[in-house]
Amino acid sequence: MFRFTRPLLQASKSSTGLYGLAVHPNPLPELTKTYESTLAALSSIPEHAAYRQGVEALTLKKLKIVRDANGDIARVEKQLDEGQIEQVIAIAKDELSLAGKMTEWKAWEPLEERPEPGQWEYFGKASTAS
């Protein structure tokens, strides 16, 4: 029975209880759109880039959770375990923003200058990177 009343509870939710974070009137379509935009932004990053591989896998997993929930916000919140749905949207938008910046920065390209010898050695461990 609670499953059918969840959309009504979300509609009547007056506050997130978090300063500066307003209640979103229709969160799941917004979250789906943001995840799809992130995947589109990642397509401009080479497939071999570790950032793309990690974020793409995580975003696809989260998108599947949202799509499989059939509009059940509580289920999405529980499975994603990132707080309230409004917080999940904020996290997704931050990742979308970072994907754009990573494309701009081209973080997958080699360094312009070689690092100093020993720069990446910590606590007596030799670096394996060249």
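This report describes the fold, core, helix packing and selected residues of a predicted model.

## Overall architecture

The secondary structure of the protein consists of five helices and zero strands. Read from the N terminus, the elements follow the order α-α-α-α-α.

Of the 130 residues of the protein, 28% count as buried. The accessible surface amounts to about 9200 Å², and carbon and sulfur atoms contribute 56% of that surface. Among contacts with a separation of 6 or more, 63% are between residues 24 or more positions apart.

## The nonpolar core

The largest nonpolar core contains 23 residues. Those with the most contacts inside this core are Leu 31, Tyr 35, Leu 42, Tyr 51, Val 76, Leu 80 and Ile 85. Two or more residues are given to the core by each of helix H2 (27-42), helix H3 (50-68), helix H4 (73-80) and helix H5 (85-105).

Leu 80 is one of the core residues with the most contacts. When residues up to four places away in sequence are not counted, Leu 80 touches Leu 31, Tyr 35, Lys 62, Ile 65 and Val 88.

## Packing of H2 against H4

Two packed helices are described by the angle between their axes and by the distance between those axes. For H2 and H4, the angle is about 45° and the axes are 10 Å apart. The two helices H2 and H4 are therefore oblique to each other.

On the H2 side, the contact is made by Pro 27, Leu 28, Leu 31 and Tyr 35. On the H4 side, Ile 73, Val 76 and Leu 80 take part. By class, the contact of H2 with H4 comprises seven nonpolar residues, with no polar and no charged residues. Leu 31, Tyr 35, Val 76 and Leu 80, which belong to this contact, are also among the residues with the most contacts inside the largest nonpolar core.

Arg 52 lies in helix H3. This arginine counts as buried because its relative accessibility is 10%, and the cut-off for buried is under 20%.

Apart from neighbours within four places in sequence, Arg 52 is in contact with Leu 42, Ser 43, Ile 45, Pro 46 and Glu 47. One of these partners, Leu 42, is listed among the residues with the most contacts inside the largest nonpolar core.

## Residues with positive phi

Asn 70 is located in the loop between H3 and H4. Although Asn 70 is not a glycine, its phi is positive, at about 55°. With a relative accessibility of 63%, Asn 70 counts as exposed, since exposed means over 50%. The C-alpha atoms of Asn 70 and Leu 28 are separated by 9.5 Å, and the two residues are 42 residues apart along the chain. Leu 28 is one of the H2 residues that make the contact with H4.

Lys 106 is found in the segment after H5. Lys 106 has a positive phi of about 50° and is not a glycine. Its relative accessible area is 42%, so Lys 106 is partly exposed.

How values were computed. Residues are numbered from 1 along each chain as its sequence is written. This is a predicted model: local features need pLDDT of at least 70, side-chain atom pairs count only at pLDDT 80 or more; totals for chains, interfaces and linings use all residues. Side-chain values use heavy atoms; hydrogens and water are left out. A nonpolar core is a set of buried Ala, Val, Leu, Ile, Met, Phe, Trp, Tyr and Cys residues joined through side-chain atoms within 4.5 Å. Buried means under 20% relative accessible area, exposed over 50%, partly exposed in between (1.4 Å probe, protein chains only). Helices (H or I, at least four residues) and strands (E, at least two) are DSSP runs, numbered from the N terminus. Contact means heavy atoms within 4.5 Å. Axes are lines fitted to C-alpha atoms, for helices over the stretch in contact, and angles run from 0 to 180 degrees between N-to-C directions. Angles under 35 degrees count as roughly parallel, over 145 as roughly antiparallel, 65 to 115 as roughly perpendicular and the rest as oblique. Ala, Val, Leu, Ile, Met, Phe, Trp, Tyr, Cys and Pro count as nonpolar, Asp, Glu, Lys and Arg as charged, and the others, Gly among them, as polar. Accessible areas come from the Shrake-Rupley method with a 1.4 Å probe; for residues, only the protein chains shown count as cover.
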